[in-house]
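Me: Hi! Could you walk me through this one while I have it open?
Reply: Happy to, just ask away.

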Amino acid sequence: MSTPSSSVPPINWAPSGPAVPDESAILDGIFADTNAAFGGNMNVTNADGSPNVKTPQGQLASSVTAIIGAKNDDILEVVNGVDPDLSDGRFQDAIGRIYFIDRNPAEPTSVTATCSGLVNTPIPVGAKAQSSTDGNIYLCTQAGVIPASGSIDLTFACAVTGPIACPAGSLKIYQQIPGCDSISNAADGVLGSDVETRADFENRRRQSVALNSQGSVPSVRGAVLSVANVLDAYVVDNPLGTPAVVGGVTLLANSLYVCVAGGAVQDVANAIWSKKGPGCNYSGSTAVTVFDTDGYTAPFPQYTVKLDIATGLPILYAVQIANVPGLPSNITQLVQNAITAAFTGADGGQRARIGRTIYASRYYPGIENINPNVELISVQIGTTTANQNSVGVNINQIPTLSANNIVVTLV
């Protein structure tokens, strides 16, 4: 039995991907099939030759066209879903699982806090500080002991996930620790994030391809980025027998350098040690003891892993918008929200990262899409004065953002 032919154009499965026909072509094909099925001379066209969709057969043809068009869209979504460059949602999660990674949940804001007090006072993991601006609680993720200098810098993470601002000077002691007199933050915290975006997840998937390897820079980076609550990391090595300056940081000879923002420092150190090649030196100012418990009984072999905790680099913004009629009354807040969304990657793009140049042009689309009446004149950024088109970030720095550092001027 032969398959009946149809005038409805099929999907064109080209080497570059499927191309579906326009719905107008589908409608014409259905009208042609309907007319042929009933022997011709049906009232299926208007006087000018256009499809007559007001007749019963025209309405039926329109419904069938919509059904076929919807199913063609479904096919395109499935095809795009298996392409890592285009996939999103459930399809992207499935691709990630091929590499044994899952989408990161929302991450908390991370902040470096100075704990001051009596010498030899231990600051445990879980020690609590509170932000005076919004009342949020911050938990210490890195145990430490106050040294002879009378203070120690430790990492704290917000108990609530998401891009919550922690301005400089806002932290204070929440739960008293005997011997600890104060907890404060000299710099803004590193904004947390909502559930990992499509762009960030794909970036991490590409970097994690080397996760199952060992002894290479990509494998170390993949392991560190897989640690819970890690917001960003930069990994590089110096293969030379002499010190070298890379990204504004001096690396020791034959050393591995890791800078990280967020996450428990012990977990990060364990991840580094699990992938680092034997005999390689470290560069970094934070020393962590790691124990090798695989195949040994106590006392376990121990190693000192060194790394850097990323220093916050406040980014300043100066935005000029034409003062024209029709602007929203809260335009300043809306601009600040748009910049924050781009800065954290909530707009679907890449977030501001360690060691990466930040371009002012990154923020144009979000601001211009606020309202049709917005006429953007300029966006400038900087670290001391917002008067540049780009800012270079060293490999031991992570950009930070505060609404106070976003100045919006109506011109």
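Me: Let's start with Leu252. Where is Leu252 found?
Reply: Keep in mind that this is a predicted model. Leu252 sits in the loop that runs between strand S13 (249-251) and strand S14 (255-262).

Me: And is Leu252 buried, partly exposed or exposed?
Reply: Leu252 counts as partly exposed, because its relative accessibility is 42% and that class covers the range between 20% and 50%.

Me: Which residues does Leu252 touch, not counting those up to four places away in sequence?
Reply: Leu252 touches Asn238, Pro243, Asn281, Tyr282 and Ser283.

Me: How far apart are Leu252 and Gly117 in space?
Reply: Their C-alpha atoms are 33 Å apart, and 135 residues separate Leu252 and Gly117 in sequence.

Me: OK, over to Ser255. Where is its place, and is Ser255 buried or exposed?
Reply: Ser255 belongs to strand S14. Ser255 counts as buried because its relative accessibility is 1%, and the cut-off for buried is under 20%.

Me: What is Ser255 in contact with, leaving aside neighbours within four places?
Reply: Its contacts are Val236, Asp237, Asn238, Cys280, Asn281, Tyr282 and Ser283.

Me: Which residues line the largest cavity?
Reply: The lining is made by Pro108, Ser110, Thr141, Thr155, Ala157, Asn229, Gly262, Gly263 and Ala264. Strand S3 (108-117) and strand S8 (151-161) are the elements that give two or more residues to that lining.

Me: And what is the lining like by class?
Reply: The lining has six polar residues, three nonpolar ones and no charged ones.

Definitions and conventions: Residues numbered from 1 in each chain as written. Predicted model: local features only at pLDDT ≥ 70, side-chain atom pairs only at ≥ 80, totals over all residues. Heavy atoms only, no water. 1 Å grid on protein atoms, 1.4 Å probe; cavity = no way out; pocket = protein on both sides within 12 Å on 5 of 7 lines; lining within 4 Å. Helix = DSSP H or I, 4+ residues; strand = E, 2+ residues; numbered from the N terminus. Nonpolar A, V, L, I, M, F, W, Y, C, P; charged D, E, K, R; others polar. Buried < 20%, exposed > 50% of the residue type's maximum accessible area, 1.4 Å probe, protein only. Contact = heavy atoms within 4.5 Å.
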